[in-house]
Amino acid sequence: MNKRKKLNSKFSLLTLVGIILFCSCNKKEDAFINRKISFNSGWSFHLNDSLVDKDTISPATKWRTLDVPHDWSIEEKFDEKSPAGYGGGSLNGGLGWYKKTFKVAAEDTTKITSITFDGVYRNSEVWVNGHYLGKRPNGYIGFQYEISPYLNYGDKNNEIIVKVDNSKQPNSRWYSGSGIFRNVWIETTDKLHVENWGTYITTPKVTAENAKVNIETRIQNDHSESKKIKILTTIYKEDTKVTSTTQYITLTPKSGTLLNVEAEVKSPILWSIENPELYTAVTELLVDDKIIDEYKTTFGIRDFKFDLNKGFILNGKQVKIKGVCMHHDLGPLGAAINTRAIERQLEILKEMGVNGIRTSHNPPAPELLDLCDKMGFIVMDEAFDMWKQTKTKYDYGNDWDKWHRQDLADQLRRDRNHPSIFMWSIGNEIPEQWNETGIEIAKELAAIVRLIDKTRPLTAGMNPPVNMNIDEVTLQFEKKNVSINPLAGSGVLDLIGYNYAHQTFEHHLKNFPNTPFIATETTSGLQTRGYYDAVSDTIKKWPVRWDLKFTEGNPDNTVSAYDQVQTPWGSTHEATWKIIKKHDFLAGMYVWTGFDYIGEPTPYEWPSVSSYFGIVDLAGFPKDVYYMYQSEWTDKTVLHIFPHWNWKAGQTVDVWAYYNKADEVELFLNGKSVGKRSKKGDGLHVMWRIPFEAGTLKAVSRKNGKTVSEKEIKTAGNPSQLKLMADRSTIKADKNDLSFVTVDILDANGTLAPNANNEINFSLKGNGKIVGVCSGDPVSHEPYKGTKHTALAGKCLVIVQAGDKSGRLELTAKANGLKQSTIVITTE
Ligand code: GAL
C-alpha cells in the first residue's frame, strides 16, 4: 500500500511574495487525493476596537504579517483593570481583523473549494471577495464554509477577511485567548465527494476472533448529471490492507445519500491505553474506474462499558480512570494551538500515570484528540460551561438559543470517530441543573447526542449530584426542597457526573441505584511549585468564599506546595484518590487540573493571574504531588522527598516522602538516621518533622530490608551558574516544531538553588525564534512572549521554535552574576 504514502506529498502549495496559490494541478490519474491543505501561513492582522465594520478598512489600515494559529491576547500586557477580569487572566480581548490574499488554480473551477476553521475565539465573521459567509459565536467549535461560488480562478487574486470580536468582556471564567487560534484548512474536492465529517465508524461487536465494523458514509453529488458510483472502502492497519467493501449506487444530480456498510476485521488488534492501536478506513469514490474522491478516517476497535458495580470496563478488563481536567491554553504559548506543545503536556501527564483527559469545558483542538487516540487516553469530550443562563455577562449563554443545537451536533460529528473518546459531557456546573428548564434542555441535548452517536454514555459535571451538607451546597438543595440534584435525578444522563462531593462517593449506589458513577471533576488543590510553609500543617488557609480576600493566606499570594491547601468544595489530592481507589464501582476521576492554566487564579485577586490548581505548573514543571500520583498510578519505582533543603539553622521543617514498592523509608540527615517511616492504613505519604541543619538529606526506601531506591537533596550554596536542558535537541525545520528548554539555576557544585529568582535573558542565533518564556509563577506579570524572565524556585522555561531551514540554533541564557549557558538545537 505504498500509494498511501504519496498522500501528503502530492499537493503543491506555491508561495509567491505573500500570495498563496493552492491548486489541485499535476494530479496523477491514479494518485490518492489529499483534500486538505494547510491555510495557516501568510495572514495579515490588525487589532482595533474602533474598526467595527469591514467597509471601514482603508488602504491606511496598518497590518502585521503572521501565521495562524494566533492568539493576540497572549501578546497583551497583564492589566489589573482588564475587562476580562481575574478569571480571564487579566489579559485583554478586543476586536481583531485577519486577511489573506490567495490564488486558486484555473482547473479548480469545476471543483468544490471550502475553508475550514478549527476554532476562532470568538464571534468570527468571514468574507471572501466581499461575500459574507457567516458568523460563529462559539470560539471552540470547528466550522467550514464553501467558497467556490465566490472565487476568482487563475491569475486573479482572492481575498479572505475574518473579523474576530472578543471585545465584550468578560465572556469566560478562564483565559480564552483571542483570534484564529486553531488551524485553518482549504479543502478541494470534486463535486462528487464524501461530505466534511462525513463518515461514522462504529464497532458494534468486538471479540478476540473478529470485530464488526460499521461504516456510515455521507456522499454528495453536486454535479448537474447523475453519477454511477463505486464506493470502495478499505481498512488498513498501518500500511497493510485488512479488508475492503464495495458498494455501487447512482446519485441523481444535486443529491446526497447516507450509505451504511459492515466490514469484518479478523483477529482485531484492540485499542487500549497501553497499546492504542489504530486502523484507517479509506473511502474512495470511483466513477468509470477513476478515483474521484478519497476520504480517510482513523478509528479504533475497542469494546467498553460503564458498569454500575465494576466501573469502567475496557476490552473486558476493569480500568480505573485516572484522569485530569485540562483547559485549552498552552501556558506561555497562550491559546494558539501547537501540536508539539499539546503532545508535551500529554507526555508529562502520561509519565505521571494519567490515563484520562477531560476537555474542560469545551470542544478541544482536533489535534488533542488525534494525540489522545495515538497515546492512549480516556477522553471525556465536553460541550458547554453554560447553557442559556450565563456565568459571565457576555458569554455563550447569550448565543445559546440560536447556536447550541448546531454547535453540539458539529462537535459530535467532528469527534465521534475518535477511539479515545468514551463519554460526552453536555455541560459543566450548569446553573439550570437546579430547575425544570434545565431538565428540558438536558433532554434536548441528550436527543441530539443519541441521534448522532449512540455508542457513548452521556454525562454532565454536577455540583454536586447529591446533598453533602456544606453550607452553600445545602442551600441549593434546601431552596429546591430536594435531596438529589434534579438533573442527576432526571434519568436523562447515563453516568452521574460528580464535580467534587467526594464525601458522597461511597454512597453512590444507594443514592443512584441504577446509574453508574464518574467523578467528572475532583480535588481543586492549590499549590505554588517549589514554595513551602516549612511546617506543613500550619499552612495558610484558603478563604471560604470566592469573593472574599485572601486574608488568611500568604501576603505574597504563594500557596504552600505540601498537599494541604484546597478550595472549600474540593479536597487534598490524597483524600479524593483514596476513596476512588477503594471501590470498584467508582469508575474513576478527573482531577482539577493536570496543568496550571492562565486565568482563574486562586487567590482570585491581583497580582495573581494564573491558576494554582495544576499538578504541573504553567511552564510544565511538576509540583511535588505529581509524584504522589506517580507512586500510585504507575509501575515506576518512585521515591520523592521534599521540600528543598535550604532553611534557617534550627528551623523546624516537615520532610515528606512519596514512595512505592517498599515497606519503609529511612531518612538520614548528614549521615545520621532521623527515623524510619511506613505508610499507615490508606496513607499515601510519610513525614518527619525535624530541625534544619545544612547538608545532605538522604532517603532510602526498602522492601523486606532490601534497598529499593535512594534519593538525596542537598543544601545549595549561592546561585552561581545557569544550565540549559532541551527536551529535544533535534527538531523539525517546519516553522512549527518546538524545543522546550529548561533553565536551572545551580550553585557552584551543580545543586539546584531552590530559592533563586534571578532574571534570565535569552538570545537565539540561527533560523528559529523564542516563542515563549515562563517560570510557572502565578503572580508574574512579565510577558510570556518576551526574551527575559524571572525564575521561580530555581527554574524557568524557554520555548524555541524552528524556522523553515535546517541547521543549527544556538540558545544562550545569561543572568547577572551567574555563569551563562549555551546549547545547540539542530533543525532538520
Ligand atoms: C469548578 C469548575 C471549574 C473550576 C473549578 C475551580 O467548580 O467546574 O471550571 O472553576 O471549580 O475549583
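**Figure 1. Asn315 in the loop between strands S21 and S22.** In this predicted model, Asn315 is found in the loop between strand S21 (311-314) and strand S22 (317-318); helices (H or I, at least four residues) and strands (E, at least two) are DSSP runs, numbered from the N terminus. Phi of Asn315 is near 50°, a positive value in a residue other than glycine. Asn315 is partly exposed, with a relative accessible area of 23%; buried means under 20% relative accessible area, exposed over 50%, and partly exposed in between (1.4 Å probe, protein chains only). Residues are numbered from 1 along each chain as its sequence is written, and side-chain values use heavy atoms, with hydrogens and water left out. Because the model is predicted, local features need pLDDT of at least 70 and side-chain atom pairs count only at pLDDT 80 or more, whereas totals for chains, interfaces and linings use all residues.

**Figure 2. Lys254 in the loop between strands S16 and S17.** The loop between strand S16 (240-251) and strand S17 (255-266) holds Lys254. Lys254 also has a positive phi, near 50°, and is not a glycine. Its relative accessible area is 55%, so Lys254 is exposed. Most residues other than glycine have a negative phi, and most peptide bonds are trans.

**Figure 3. Two cis peptide bonds.** Ser360 and His361 are joined by a cis peptide bond with omega of about -10°. His361 lies in the loop between strand S24 (356-358) and helix H2 (366-375). The peptide bond from Trp606 to Pro607 is likewise cis, with omega near 10°, and Pro607 is placed in the loop between S30 and H9.

**Figure 4. Helix H4 and its surroundings.** Helix H4 (residues 436-452) has 17 residues and reaches 25 Å from its first C-alpha to its last, close to the 24 Å expected at 1.5 Å a residue; the expected span is 1.5 Å times one less than the number of residues. Asn435 caps the N-terminal end of H4, with a side-chain oxygen 3.2 Å from the backbone nitrogen of Thr437. The buried residues of H4 include Ile439, Leu445 and Val449. The partners against which the buried residues of H4 pack include helix H3 (400-415) and strand S26 (421-428), where contact means heavy atoms within 4.5 Å.

**Figure 5. The largest nonpolar core.** Of the 145 residues in this core, Phe312, Trp387 and Met423 touch the most other members. H4 gives the most to this core, with eight residues. A nonpolar core is a set of buried Ala, Val, Leu, Ile, Met, Phe, Trp, Tyr and Cys residues joined through side-chain atoms within 4.5 Å. Residues touched by Trp387 include Trp400, Ile441 and Leu445.

Figure 6. The structure holds 43 aromatic pairs; rings of Phe, Tyr and Trp (its six-membered ring) pair if their centres lie within 6.5 Å, and planes under 30 degrees apart count as stacked, over 60 as edge-to-face and the rest as tilted. The ring centres of Tyr532 and Phe642 are 6.2 Å apart and their planes are at 35°, so the pair is tilted. Tyr532 lies in the loop between S29 and H8 and Phe642 in strand S31 (residues 639-642), so the pair ties together parts that are 110 residues apart in sequence. Both Tyr532 and Phe642 are buried. The rings of Tyr562 and Trp656 have centres 5.4 Å apart and planes at 45°, so this pair is tilted.

Notes
A polar contact is a pair of N or O atoms within 3.5 Å; within protein, one must be able to donate a hydrogen and the other to accept it, and residues adjacent in sequence count only if both atoms are side-chain atoms. Lists of a residue's contacts leave out its neighbours within four places in sequence.
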